[in-house]
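The sequence and the model are shown first, and the description follows.

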Amino acid sequence: MKDQVFSGRDVEEALAAASQALGVPREGLHYIVLDAGATSGRGLTAQPARVAVLMDRTAPPPPAPPAAGPRAEKDPRAGVRAVVRAIAEAAGVEVAAEIEEAPDTLTVRIEGKDVAFFLDDDADVLEGLDHLLQRMYQRALEPRRLVVTCEGHRVERDEGLRQTAQELAEAVRRDGVPRTTRALNSYERRVVHVTLAAEPGIRTYSVGEEGNRRVTVAPREAGGEPGEPAGGG
(Lines give C-alpha, C1' and ligand atoms only; values in the text may rest on other atoms or scores of the structure.)
Protein backbone atom coordinates (compact mmCIF):
# COMPACT_ATOMS: atom_id res chain seq x y z
CA MET A 1 0.00 0.00 0.00
CA LYS A 2 1.40 3.42 -0.97
CA ASP A 3 2.44 5.75 1.85
CA GLN A 4 0.08 8.65 2.47
CA VAL A 5 0.54 12.30 3.38
CA PHE A 6 -1.78 14.08 5.84
CA SER A 7 -1.93 17.75 6.77
CA GLY A 8 -3.29 19.89 9.59
CA ARG A 9 -2.75 23.16 11.40
CA ASP A 10 0.10 21.50 13.29
CA VAL A 11 1.78 18.09 13.45
CA GLU A 12 -0.59 16.74 16.11
CA GLU A 13 -3.65 17.68 14.04
CA ALA A 14 -2.11 16.04 10.96
CA LEU A 15 -1.47 12.87 12.96
CA ALA A 16 -5.02 12.93 14.32
CA ALA A 17 -6.31 13.12 10.73
CA ALA A 18 -4.09 10.19 9.75
CA SER A 19 -5.24 8.14 12.72
CA GLN A 20 -8.92 8.72 11.91
CA ALA A 21 -8.53 8.09 8.17
CA LEU A 22 -6.47 4.92 8.57
CA GLY A 23 -8.19 3.52 11.64
CA VAL A 24 -4.85 3.20 13.41
CA PRO A 25 -4.25 4.52 16.96
CA ARG A 26 -2.05 7.61 17.12
CA GLU A 27 0.70 5.69 18.95
CA GLY A 28 0.64 2.98 16.28
CA LEU A 29 1.53 5.32 13.41
CA HIS A 30 5.02 5.24 11.92
CA TYR A 31 5.62 8.59 10.29
CA ILE A 32 8.04 11.34 9.44
CA VAL A 33 7.36 15.08 9.59
CA LEU A 34 7.61 16.60 6.12
CA ASP A 35 6.70 20.12 7.23
CA ALA A 36 6.16 21.30 10.80
CA GLY A 37 3.90 24.12 9.59
CA ALA A 38 4.14 27.84 10.29
CA THR A 39 1.81 30.53 11.61
CA SER A 40 1.45 34.16 10.69
CA GLY A 41 2.01 36.99 13.15
CA ARG A 42 -1.71 37.05 14.01
CA GLY A 43 -1.81 33.37 14.90
CA LEU A 44 -3.39 32.30 11.61
CA THR A 45 -2.01 29.26 9.83
CA ALA A 46 0.29 30.43 7.05
CA GLN A 47 1.53 26.97 6.08
CA PRO A 48 -0.02 23.65 7.12
CA ALA A 49 1.93 20.88 8.77
CA ARG A 50 2.40 17.68 6.73
CA VAL A 51 3.33 14.16 7.80
CA ALA A 52 4.06 11.08 5.69
CA VAL A 53 2.69 7.88 7.20
CA LEU A 54 4.68 4.77 6.29
CA MET A 55 1.89 2.38 5.47
CA ASP A 56 3.92 -0.83 5.51
CA ARG A 57 4.86 -0.13 9.16
CA THR A 58 1.22 0.34 10.28
CA ALA A 59 0.07 -2.99 8.90
CA PRO A 60 -0.52 -5.82 11.40
CA PRO A 61 2.62 -7.95 11.93
CA PRO A 62 2.77 -11.28 10.09
CA PRO A 63 2.14 -14.48 12.06
CA ALA A 64 5.14 -15.70 14.02
CA PRO A 65 7.09 -18.56 12.41
CA PRO A 66 6.88 -22.05 13.94
CA ALA A 67 8.94 -22.46 17.10
CA ALA A 68 11.08 -25.13 15.44
CA GLY A 69 12.12 -22.91 12.55
CA PRO A 70 14.59 -19.99 12.53
CA ARG A 71 13.21 -16.48 12.69
CA ALA A 72 14.34 -14.41 9.72
CA GLU A 73 15.20 -10.78 10.48
CA LYS A 74 14.22 -8.21 7.88
CA ASP A 75 17.30 -7.02 5.99
CA PRO A 76 18.06 -3.55 7.43
CA ARG A 77 19.76 -2.44 4.20
CA ALA A 78 16.69 -3.15 2.06
CA GLY A 79 14.44 -1.72 4.75
CA VAL A 80 16.40 1.54 4.99
CA ARG A 81 16.32 2.01 1.22
CA ALA A 82 12.57 1.31 1.17
CA VAL A 83 11.87 3.88 3.91
CA VAL A 84 13.89 6.59 2.16
CA ARG A 85 12.23 5.75 -1.17
CA ALA A 86 8.77 5.98 0.42
CA ILE A 87 9.56 9.37 1.95
CA ALA A 88 10.93 10.64 -1.36
CA GLU A 89 7.78 9.52 -3.21
CA ALA A 90 5.46 11.04 -0.61
CA ALA A 91 7.35 14.36 -0.61
CA GLY A 92 7.87 14.45 -4.38
CA VAL A 93 11.66 14.76 -4.11
CA GLU A 94 14.52 12.97 -5.85
CA VAL A 95 16.81 11.38 -3.27
CA ALA A 96 18.08 7.89 -2.51
CA ALA A 97 19.92 6.11 0.27
CA GLU A 98 23.49 4.99 -0.38
CA ILE A 99 24.76 2.53 2.22
CA GLU A 100 28.38 2.20 3.32
CA GLU A 101 29.36 -0.71 5.55
CA ALA A 102 32.28 -0.90 7.97
CA PRO A 103 33.15 -3.35 10.77
CA ASP A 104 31.59 -1.10 13.42
CA THR A 105 29.08 1.03 11.48
CA LEU A 106 26.47 1.01 8.75
CA THR A 107 26.26 4.51 7.30
CA VAL A 108 23.14 5.68 5.45
CA ARG A 109 24.08 8.56 3.17
CA ILE A 110 21.20 10.56 1.64
CA GLU A 111 22.09 11.67 -1.89
CA GLY A 112 20.31 13.26 -4.84
CA LYS A 113 19.40 16.64 -6.28
CA ASP A 114 16.81 17.38 -3.55
CA VAL A 115 18.93 16.71 -0.45
CA ALA A 116 18.13 20.26 0.71
CA PHE A 117 14.69 18.90 1.68
CA PHE A 118 16.36 17.05 4.56
CA LEU A 119 18.49 20.01 5.65
CA ASP A 120 15.88 22.80 5.85
CA ASP A 121 14.85 24.13 9.27
CA ASP A 122 18.06 23.06 11.02
CA ALA A 123 17.89 19.57 9.46
CA ASP A 124 14.69 18.62 11.33
CA VAL A 125 13.65 16.18 8.58
CA LEU A 126 17.05 14.48 8.59
CA GLU A 127 16.94 14.19 12.37
CA GLY A 128 13.44 12.73 12.14
CA LEU A 129 14.63 10.16 9.59
CA ASP A 130 17.60 9.34 11.82
CA HIS A 131 15.31 8.74 14.81
CA LEU A 132 12.93 6.60 12.75
CA LEU A 133 15.66 4.38 11.29
CA GLN A 134 17.34 4.01 14.69
CA ARG A 135 14.08 2.75 16.20
CA MET A 136 13.40 0.40 13.30
CA TYR A 137 16.80 -1.15 12.62
CA GLN A 138 19.42 -0.38 15.28
CA ARG A 139 18.62 -3.51 17.26
CA ALA A 140 18.97 -5.72 14.19
CA LEU A 141 22.38 -4.19 13.45
CA GLU A 142 23.90 -4.43 16.94
CA PRO A 143 26.71 -4.32 17.88
CA ARG A 144 27.31 -2.12 14.84
CA ARG A 145 26.06 1.48 14.95
CA LEU A 146 23.61 2.98 12.45
CA VAL A 147 24.70 6.41 11.20
CA VAL A 148 22.46 8.63 9.05
CA THR A 149 24.13 11.51 7.25
CA CYS A 150 23.73 13.90 4.33
CA GLU A 151 26.43 15.89 2.49
CA GLY A 152 28.72 16.71 5.40
CA HIS A 153 25.89 17.30 7.87
CA ARG A 154 27.13 14.55 10.18
CA VAL A 155 30.64 16.03 10.25
CA GLU A 156 29.30 19.45 11.26
CA ARG A 157 26.90 17.99 13.80
CA ASP A 158 29.63 15.82 15.36
CA GLU A 159 31.90 18.82 15.74
CA GLY A 160 29.07 20.71 17.44
CA LEU A 161 28.49 17.81 19.83
CA ARG A 162 32.19 17.63 20.70
CA GLN A 163 32.30 21.35 21.40
CA THR A 164 29.18 21.15 23.59
CA ALA A 165 30.62 18.17 25.49
CA GLN A 166 33.86 20.02 26.19
CA GLU A 167 31.98 23.13 27.35
CA LEU A 168 29.93 21.00 29.75
CA ALA A 169 33.09 19.38 31.08
CA GLU A 170 34.69 22.78 31.70
CA ALA A 171 31.58 23.96 33.56
CA VAL A 172 31.56 20.81 35.71
CA ARG A 173 35.23 21.27 36.59
CA ARG A 174 34.55 24.87 37.64
CA ASP A 175 31.77 24.20 40.14
CA GLY A 176 31.54 20.42 40.53
CA VAL A 177 27.88 20.37 39.49
CA PRO A 178 26.91 17.61 36.99
CA ARG A 179 25.36 18.69 33.69
CA THR A 180 23.08 16.69 31.38
CA THR A 181 22.75 17.01 27.61
CA ARG A 182 19.55 17.23 25.62
CA ALA A 183 18.03 13.93 24.43
CA LEU A 184 20.47 12.20 22.06
CA ASN A 185 20.34 9.11 19.88
CA SER A 186 22.80 6.26 20.46
CA TYR A 187 25.34 7.56 17.94
CA GLU A 188 25.30 11.09 19.41
CA ARG A 189 25.68 9.73 22.95
CA ARG A 190 28.73 7.78 21.86
CA VAL A 191 30.27 10.94 20.38
CA VAL A 192 29.93 12.66 23.77
CA HIS A 193 31.28 9.64 25.70
CA VAL A 194 34.31 9.28 23.42
CA THR A 195 35.02 13.03 23.40
CA LEU A 196 35.20 13.18 27.20
CA ALA A 197 36.74 9.76 27.86
CA ALA A 198 40.22 11.22 28.44
CA GLU A 199 39.13 14.47 30.12
CA PRO A 200 40.77 14.69 33.58
CA GLY A 201 38.38 14.60 36.52
CA ILE A 202 35.33 13.91 34.34
CA ARG A 203 33.11 10.86 33.86
CA THR A 204 30.05 10.39 31.66
CA TYR A 205 27.07 8.05 31.76
CA SER A 206 23.73 7.75 29.99
CA VAL A 207 20.42 8.25 31.78
CA GLY A 208 16.74 8.13 30.84
CA GLU A 209 14.38 5.84 28.99
CA GLU A 210 14.83 4.76 25.39
CA GLY A 211 13.79 7.59 23.07
CA ASN A 212 14.73 10.16 25.72
CA ARG A 213 18.28 9.10 26.62
CA ARG A 214 20.74 11.78 27.67
CA VAL A 215 24.37 11.95 28.77
CA THR A 216 25.31 13.24 32.20
CA VAL A 217 28.73 14.84 32.58
CA ALA A 218 29.86 14.65 36.21
CA PRO A 219 32.97 14.96 38.40
CA ARG A 220 34.82 11.64 38.48
CA GLU A 221 34.73 11.54 42.26
CA ALA A 222 30.97 12.33 42.46
CA GLY A 223 28.77 9.76 44.21
CA GLY A 224 25.31 8.58 43.28
CA GLU A 225 24.15 6.22 40.59
CA PRO A 226 27.02 5.31 38.27
CA GLY A 227 24.73 4.79 35.26
CA GLU A 228 26.64 3.61 32.21
CA PRO A 229 30.42 3.97 32.00
CA ALA A 230 32.10 6.25 29.51
CA GLY A 231 31.63 4.87 26.03
CA GLY A 232 28.30 3.26 26.91
CA GLY A 233 24.97 3.94 25.23
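How many residues lie between S10 and S11 in the hairpin that they form? There are six residues between the two strands, and Gly208 in the turn has a positive phi of about 100°. Most residues other than glycine have a negative phi, and most peptide bonds are trans.

The model is predicted: local features need pLDDT of at least 70, side-chain atom pairs count only at pLDDT 80 or more, and totals for chains, interfaces and linings use all residues. Residues are numbered from 1 along each chain as its sequence is written, and side-chain values use heavy atoms, with hydrogens and water left out.

## Overall composition

The protein has six helices and eleven strands; helices (H or I, at least four residues) and strands (E, at least two) are DSSP runs, numbered from the N terminus. Of the 233 residues in the protein, 41% are buried. Buried means under 20% relative accessible area, exposed over 50%, and partly exposed in between (1.4 Å probe, protein chains only). The protein exposes about 13200 Å², and carbon and sulfur atoms supply 50% of this area. Accessible areas come from the Shrake-Rupley method with a 1.4 Å probe, and for residues only the protein chains shown count as cover. Among contacts with a separation of 6 or more, 54% link residues 24 or more positions apart; contact means heavy atoms within 4.5 Å.

## The hairpin and its surroundings

Strand S11 (residues 214–219) is joined to S10 by six bridges, and the two run antiparallel. Two strands pair if DSSP finds at least two bridges between them. Within this pairing, Tyr205 stands opposite Thr216 in S11. S10 is largely enclosed by the rest of the structure, because five of its six residues are buried.

Ser206 lies in S10, which spans residues 202–207, and its side chain is joined to that of His193 by a polar contact of 3.0 Å. Arg203 also lies in S10, and a polar atom of its side chain is 3.3 Å from the backbone oxygen of Pro219.

His193 is one of the buried residues of H6. Helix H6 (residues 186–196) is mostly covered, with eight of its eleven residues buried. Tyr187, Glu188 and Arg189 are among these buried residues.

| Residue | Relative accessibility |
|---|---|
| Ser206 | 4% |
| Arg203 | 16% |
| Phe117 | 15% |
| Phe118 | 0% |

S1 is joined by five bridges to S5 (residues 49–53), and the bridge partner of Ser7 in S5 is Arg50. Axes are lines fitted to C-alpha atoms, for helices over the stretch in contact, and angles run from 0 to 180 degrees between N-to-C directions.

Another open sheet of three strands has the order S6-S7-S8, with mixed pairing. S6 (96–101) and S8 stand at the edges with a single partner strand each, so one side of each has no neighbour in the sheet. Here neighbouring strands are turned by 20° against each other on average, direction ignored. S7 (residues 105–111) and S8 pair in the parallel sense over five bridges, with Val148 in S8 as the bridge partner of Val108. Helix H3 (residues 76–91) packs on this sheet, touching S6 and S7, and its direction makes about 155° with that of S6.

## A cis peptide bond

The peptide bond from Glu142 to Pro143 is cis, with omega near 10°. Pro143 is found in the loop between helix H4 (116–141) and strand S8 (145–149).

Notes: Polar contact = N/O pair within 3.5 Å; in protein donor to acceptor, adjacent residues only side chain to side chain.
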